[in-house]
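Hi,

Here is the structure I promised to pass on to you. Have a look at it first, then read my notes below.

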Amino acid sequence: MTPLIEARDVELAFGETPALRGASLAAGAGEVLAVMGPSGSGKSTLLHCLAGILVPDRGEVLFDGKRIDTLDENRRSALRRDRFGFVFQFGQLVPELTAEENIALPLLLSGVRRAAALADARPWFARLGLDGLERRRSGELSGGQAQRVALARGLVTRPRVLFADEPTGALDSLTGEQVMELMVAAARDQGTTVVLVTHEPRVAAYADREAVVRDGRARTLSTGHPAGSAPAGRVAS
Ligand SMILES: Nc1ncnc2c1ncn2[C@@H]1O[C@H](COP(=O)(O)OP(=O)(O)OP(=O)(O)O)[C@@H](O)[C@H]1O
C-alpha cells in the first residue's frame, strides 16, 4: 500500500500532558481506515495532526508523499480547504444557513460562485435521502438528517481525504449505521480516503483496516481484505 496520508513517529504534548508518544499510521488512496482506542488515548489528536490542524512536536506528517507538518499555517489551511473534508460528532452546521447553503459552504469558501456551488450541492440531497430538506435550517433537521448534511458538506469538494471524528457518536445505532453506509459508499464512489475515529466496533466494521491507539501510540490491524471488499475477521499484522 502506498500511503496517501501518513504520520511517522509523531509526538505531541499539551503542556505537561503527552497526547502522542511516537504514533505512526498510514492510509492508502481510497482506503477506509478506522482509528479506535480508549478515551484519552490520543485518537483525535492524531487525526488533527494528520489533517494539518495541529503540528506535532516531533515526527513527520506526509500527504501524497510530501511533508505537511513543515508548511506554514496559510498553506496548511489551503490544504485543508482544497484537499481534505471533515465530519465531526456534532455536525456543526452553520445554524443561520439552509441545508443546501451548508453543503455548498466549502465551495463558496474556495471562491466558487454561489449558483455553481448550490448546483453542486443539489445532487447530494437525492444521494443521501434528503430530498425536500434543501431549505431547512439545522434546527429544523433531525440528528441523522443534520449529520447527513454534514457528510455532504465534507465530501462536496471531492476531497482526497475525509477526516471523520466520531461521526456517529451522537446518533442512535440504526441512524449511525445509515450514516456510515452512506459515508463509505459516497467516499468509495469518488475515491476519497477516509480516516475515521470511533470507539464503536460496529462503526469500525465498515472500514478496510483498523488501527488502535493506546497511550499515544498506534498499532494497525488488518482485515486481510483489499479496499472495497466486505468486512471480515481481523488479524493483527
Ligand atoms: N486542547 C487540549 N489541551 C490539553 N490537553 C488536551 C487537549 N486535547 C487533548 N488533550 C489531552 O490529550 C490526551 C489525548 O486526547 P484525545 O482527545 O486525542 O484523546 P481521544 O482518544 O480522542 O479521546 P476520546 O475518545 O475521549 O475523544 C488526553 O489526555 C487529553 O486530556
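V32 has V194 as its bridge partner in β8. That pair belongs to the 4 bridges that join strand β3 (residues 32-36) to β8, and the two strands run parallel. (Strands here are DSSP runs of E, at least two residues long, and helices are runs of H or I, at least four residues long, both numbered from the N terminus; two strands pair if DSSP finds at least two bridges between them.) Strand β7 (residues 161-165) is also parallel to β8, with 5 bridges joining them; here A164 has L196 as its partner in β8.

Before going on, remember that this is a predicted model: local features need pLDDT of at least 70 and side-chain atom pairs count only at pLDDT 80 or more, while totals for chains, interfaces and linings use all residues. Residues are numbered from 1 along each chain as its sequence is written.

So how buried is β8 (residues 193-197)? 5 of its 5 residues are buried, so the strand is largely enclosed by the rest of the structure. (Buried means 20 or more other C-beta atoms within 10 Å of the residue's own, exposed means 12 or fewer, and partly exposed is in between; C-beta atoms are placed from the backbone.) Both faces are covered: T193, V195 and V197 are buried on one side, V194 and L196 on the other.

Two of those names come back in the largest nonpolar core, which has 66 residues: V195 and L196 are among the members that touch the most others, along with L33, V35, L46, L50 and F163. (Such a core is a set of buried Ala, Val, Leu, Ile, Met, Phe, Trp, Tyr and Cys residues joined through C-beta atoms within 7 Å.) In soluble globular proteins, nonpolar side chains tend to be buried together.

Now for the other sheet. It is open and antiparallel, with 4 strands in the order β2-β1-β4-β5. Its edge strands, β2 (17-28) and β5 (66-67), each pair on one side only. Strand β4 (residues 58-63) is joined to β5 by 2 bridges, and F63 stands opposite K66.

Enjoy exploring!
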